[in-house]
Amino acid sequence: MGDVVQLVSSIQLQEKPADKLQHKENNNNNNSNKTDETFTVEDAVEFIGFGRFHILLFLIMGSTNIIEAMEIMLLAVVSPEIRCEWRLQDWQVALVSTMVFLGFMVCGILGGYLADRYGRWKVVFAGFLWSAYFSLLTSFAPSYGWFIFLRGMVGCGVAGVSQGFVLKTELIPAKYRAIMLPLATVFWMTGSMMIILLGMLVVPSFGWRWMIRISVTPSIILLFLFKFIPESARYNVSAGNVQAALETLQKIAKMNRASLPPGRLVEPSVKERGSWRILLSPAFRRTSLLLWFSWFVASFAYYGSVLSSSELLEKNLLCVTDPDPEHLVKHKHPEGLCFCIPFKTNDYHTLLISCLGEVALVPINICLLNILGRRLSMTMLQLVAAMLFMLLNICTSMFGFTVLLFLLRSLVSMNFNVVYIYTAEVYPTVARSLGMGFCTSFSRIGGMIAPFIAQVLMSQSVVLALSPFAVACVICALGNFLLPIETRGRALLSS
């Protein structure tokens, strides 16, 4: 009996080390499972959520719209002044706007390519520096030729600044994009109103040159604030720099008082980055072609509304039922062309009110994006904008014209917002900046044509000048039904 007890005890002693070994192996397997957990940038952005970093991002990157808006709206405010100083014909005034958009078009594609190859941050920062430098030089232009050349250089810099929209989009969680991106319209409105106020306060006393010099100030301030914005983590992983992407995500998580998902960041690098072939691949060919036209029309309609309003006010071409003495002064006189008809205070007030229209309907814009989606929103906004363009032809009071202009600016601005958002969401990370660059370049073709209709044809016939904008909006609205992809609530593609 004693021998049996000893035998059983020895068997138990031999089994215990084996049990310990099995337990250790199980622990190792569990640990290896934890280390095998992975996450992507998209997972991390969604896991971290919205917080203080995104508020900082919204304020700084949203302010890039201030710069772009000031440079564009400056064209409408300065036109009467340079027409007077250099005795310009209508086509020469229109050529100023065209040169800005030409610079934007040429550098839009180049900026998109460089942003996909070398990073969004570098291109946006360089765009700030470039546009501020040449905008300052514009104020010293000794002649009309120098003025249009330097404004073209400014347009090239603004093309780089516009890549900030891509950087911003790639760092915002999906469910907040439809809210935060339209709200950036507040900054665009701020820039437009700032240049109008500068025109009203500075131009009568000090001239248009000092107005431009003062308008460079926001660009200089933003150059120093831009250091708080990191490079896009999505770009870093597409370039194979996973460690830099991880550091960016850790910085965002720390600011938001959140943490990263468990595991390690894994996302394959992509060799073909910034290639136009991706945009015309079978997966994106129809989307790209339709988007290029949509961007053309969005810009054509937006700048058509801006320049048409300033032209109608400057030349007093409105059919109003309650004209004041200032309105009875016509641009054409029996003895020839009158070059010097500066904006009056009431004209500046009308432009300011129309600028407010760009943000007044932002809540409606957000609702449309979340309820109807991107494609139907673009269709509806363009159809209503077409109707408002034609309503500008009717005889009404000055108050009625201001209301029509307010609504028109609201709708074309809302449409531009939706087109921007859809483009940033539909393309993959490896071609997102290039896709945006191509689209903005096509939009500048619309911007180049708009001045010759709004500022040259307008003198001949208001109906003929406004009709092309309405027709283009209708055709584009119909084309939006053919867009194959709806991006509402969809994660951003990496490749």
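**Figure 1. An aromatic cluster in a predicted model.** Phe101, Phe165, Trp188, Trp295, Tyr302, Tyr303, Phe416 and Tyr420 form one aromatic cluster. Rings of Phe, Tyr and Trp (for Trp, its six-membered ring) pair if their centres lie within 6.5 Å; planes under 30 degrees apart count as stacked, over 60 as edge-to-face and the rest as tilted. The model is predicted: local features need pLDDT of at least 70, side-chain atom pairs count only at pLDDT 80 or more, and totals for chains, interfaces and linings use all residues. Residues are numbered from 1 along each chain as its sequence is written, and side-chain values use heavy atoms, with hydrogens and water left out.

Figure 2. The search of the whole structure finds 27 aromatic pairs. One of them joins phenylalanine 147 and tryptophan 208, with 5.4 Å from centre to centre and 90° between the planes, an edge-to-face arrangement. This pair links distant parts of the chain, 61 residues apart: phenylalanine 147 belongs to helix H7 (residues 144-161) and tryptophan 208 to helix H12 (residues 208-215). Helices (H or I, at least four residues) and strands (E, at least two) are DSSP runs, numbered from the N terminus. Both phenylalanine 147 and tryptophan 208 are buried; buried means under 20% relative accessible area, exposed over 50%, and partly exposed in between (1.4 Å probe, protein chains only).

Figure 3. The ring centres of phenylalanine 296 and phenylalanine 300 are 5.8 Å apart and their planes meet at 10°, so the pair is stacked. Both residues lie in helix H17 (residues 285-314), separated by four residues, about one turn of the helix. Phenylalanine 300 counts as buried because its relative accessibility is 4%.

**Figure 4. Arginine charges over aromatic rings.** A charge sits over a ring if NZ of Lys or CZ of Arg is within 6 Å of the ring centre and within 35 degrees of the ring normal. The charged end of arginine 213 sits over the ring of tryptophan 210, 4.9 Å from its centre. Arginine 444 lies over the face of phenylalanine 104, at 3.6 Å from the ring centre.

**Figure 5. Tyrosine 118 and alanine 239.** Tyrosine 118 lies in helix H5 (residues 90-118). Its relative accessibility is 47%, so tyrosine 118 counts as partly exposed. The C-alpha atoms of tyrosine 118 and alanine 239 are separated by 8.5 Å, although the two residues are 121 residues apart along the chain. As context for this view, the protein chain has 23 helices and four strands, and 57% of its 495 residues count as buried.
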